[in-house]
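Reader: I have a new structure to study. Please show me how to read it.

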Amino acid sequence: MAFQQFLNKIAPLAKLTKTELQLLSAPEHVWKAELSVSGKKYPAYRVQFNSARGPYKGGIRFHPEVNEEEVTNLAFWMSLKTAVADLPLGGAKGGVRINPKDLTPKEIEKLSRAYIRAFYQHLGSQQDVPAPDVYTTPQIMAWMLDEYETLTGKKDPGMITGKPLEAGGSKVRDIATALGGVYVLEEAVKKIGLSSKKVAIQGFGNAGSNMANLLWKAGYTIAAVSDSQGAIYSASGLSIDRVLSVKEKTGQVSLVPGVTAITNDQLLELAVDILIPSALSGVITKKNASQVKAKIILELANGPTTQEADEILQTKKILVIPDILANSGGVTVSCFEWQQNLAQESWTEVEIKNRLKEKLVGAFLQLWKKYSAAKYDFRTAAYLYAINKILAAERQRGFKP
Ligand code: NAD
């Protein structure tokens with residue numbers, strides 16, 4: 001599996017013993033089921049990777065390509081992500097192999113409830129806390145909570161996050177990923193003393209559009225943005241409120257008038273200071289990495305840089321802020337939602353933003369310290385930091401390395 005290859009590669013740097021490598025190479029639990037909806041059966045998974053630092057945490061995706069290997073890989077990366085942001089949580093992931101576009105809303109509700117019926121004994125606010133992921137929504141989280149509470153006969157809103165506000169959700173969750181990215185980026189900009197702040201953002205969905213808007217309001221020049229249908233560029237900077245309104249009306253950023261149309265490939269190679277991939281994985285490759293001109297790459301998308309590309313970026317001394325830190329604002333506010341539910345509190349927007357800033361700036365500075373003191377790149381510093389935090393918790397619980 002991909003994560004095992006990654007572990008084998010990083011093992012010597014992390015000085016992992018054989019037992020430590022074994023421990024990190026397999027999830028603690030893999031739960032599987034077949035869910036029946038309207039006479040059809042769909043494979044479903046919940047993989048609980050590591051819980052040394054707290055209850056498992058990770059989204060549930062409904063997607064036609066879901067399989068055990070993918071869910072396991074994602075569960076591994078969730079364990080690292082919660083560790084990097086120092087959240088008192090472990091890592092998990094779930095999924096159902098289905099194209100949700102083939103189902104009616106009523107059938108999606110049935111599928112969501114069936115998922116909980118299959119796995120509810122392994123879930124709970126002190127056990128495993130799911131959240132939305134690809135093609136799963138706050139509404140789906142509310143159905144799942146309802147099914148869980150019906151089955152257990154107890155109120156436990158903290159058993160799932162990403163809920164609608166009225167069902168125990170948290171303020172700020174909608175922009176959390178982008179806002180976390182902004183906090184981390186601002187620290188990176190200070191550390192490398194970047195004076196010009198010209199930005200290109202690939203992807204204009206939840207993560208990318210909120211990022212564009214937040215940075216634009218903070219005074220950054222957003223030179224280019226894109227979606228699946230094309231990219232747009234303006235040397236003097238795009239007016240993001242205009243882009244948002246065109247995107248909302250037409251579904252395409254490329255219909256904004258008075259700007260230059262470019263391709264998604266060109267966007268990655270623009271002469272900007274900051275590049276923010278916020279759409280797909282594997283877009284910065286060995287083919288285009290040498291053409292990247294940005295000084296900072298903030299990985300808001302999951303896995304946008306291939307390993308070969310990463311090596312090229314390192315030789316070019318580009319600071320790559322890896323996904324496990326760059327987009328951890330989402331899981332951090334999910335953690336806050338869980339904490340609010342457990343404490344039966346509702347925090348204000350200002351309070352949540354302050355806490356998010358404190359968490360992510362703290363994480364960035366910790367990593368920066370490690371990175372500055374070592375010979376490896378920032379990404380490696382983040383991986384080693386996360387792995388060491390998980391292993392420290394394991395040892396404190398009695399694991400013998
Ligand atoms: P989304 O579905 O809201 O948006 C995706 C965007 O990418 C859309 O604008 C789409 O048009 C664009 N896109 C698709 N194909 C493209 C292509 N070939 N070139 C350029 N753009 C393309 O998704 P999202 O929630 O914004 O997530 C984006 C990325 O961020 C994913 O990698 C996701 O895993 C990661 N992420 C998101 C969150 C979150 O809270 N939303 C949290 C962590 C990580």
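**The ligand and a helix pair**

Author: Start with one atom pair: an oxygen atom of the ligand lies 2.6 Å from a polar side-chain atom of T177. That is a polar contact, a pair of N or O atoms within 3.5 Å. The model is predicted, so to speak of local features pLDDT must be at least 70, side-chain atom pairs count only at pLDDT 80 or more, and totals for chains, interfaces and linings use all residues. Residues are numbered from 1 along each chain as its sequence is written, and side-chain values use heavy atoms, without hydrogens and water.

Reader: How far is a polar side-chain atom of N302 from an oxygen atom of the ligand?

Author: The distance is 3.0 Å. A polar backbone atom of A279 is 3.1 Å from an oxygen atom of the ligand.

Reader: How many residues surround the ligand?

Author: A residue counts if one of its heavy atoms lies within 4 Å. Here 19 residues do, and the closest are T177, F204, N206, A207 and N302.

Reader: How do I describe two packed helices?

Author: Use the angle between their axes and the distance between the axes. Axes are lines fitted to C-alpha atoms over the stretch in contact, and angles run from 0 to 180 degrees between N-to-C directions. Helices are DSSP runs (H or I, at least four residues), numbered from the N terminus. The axes of helix 3 (residues 68-84) and helix 14 (residues 378-396) come within 8 Å and cross at roughly 90 degrees.

Reader: What are helix 3 and helix 14 to each other?

Author: They are roughly perpendicular, a label for 65 to 115 degrees.

Key:
A polar contact is a pair of N or O atoms within 3.5 Å; within protein, one must be able to donate a hydrogen and the other to accept it, and residues adjacent in sequence count only if both atoms are side-chain atoms. Helices (H or I, at least four residues) and strands (E, at least two) are DSSP runs, numbered from the N terminus. Angles under 35 degrees count as roughly parallel, over 145 as roughly antiparallel, 65 to 115 as roughly perpendicular and the rest as oblique.
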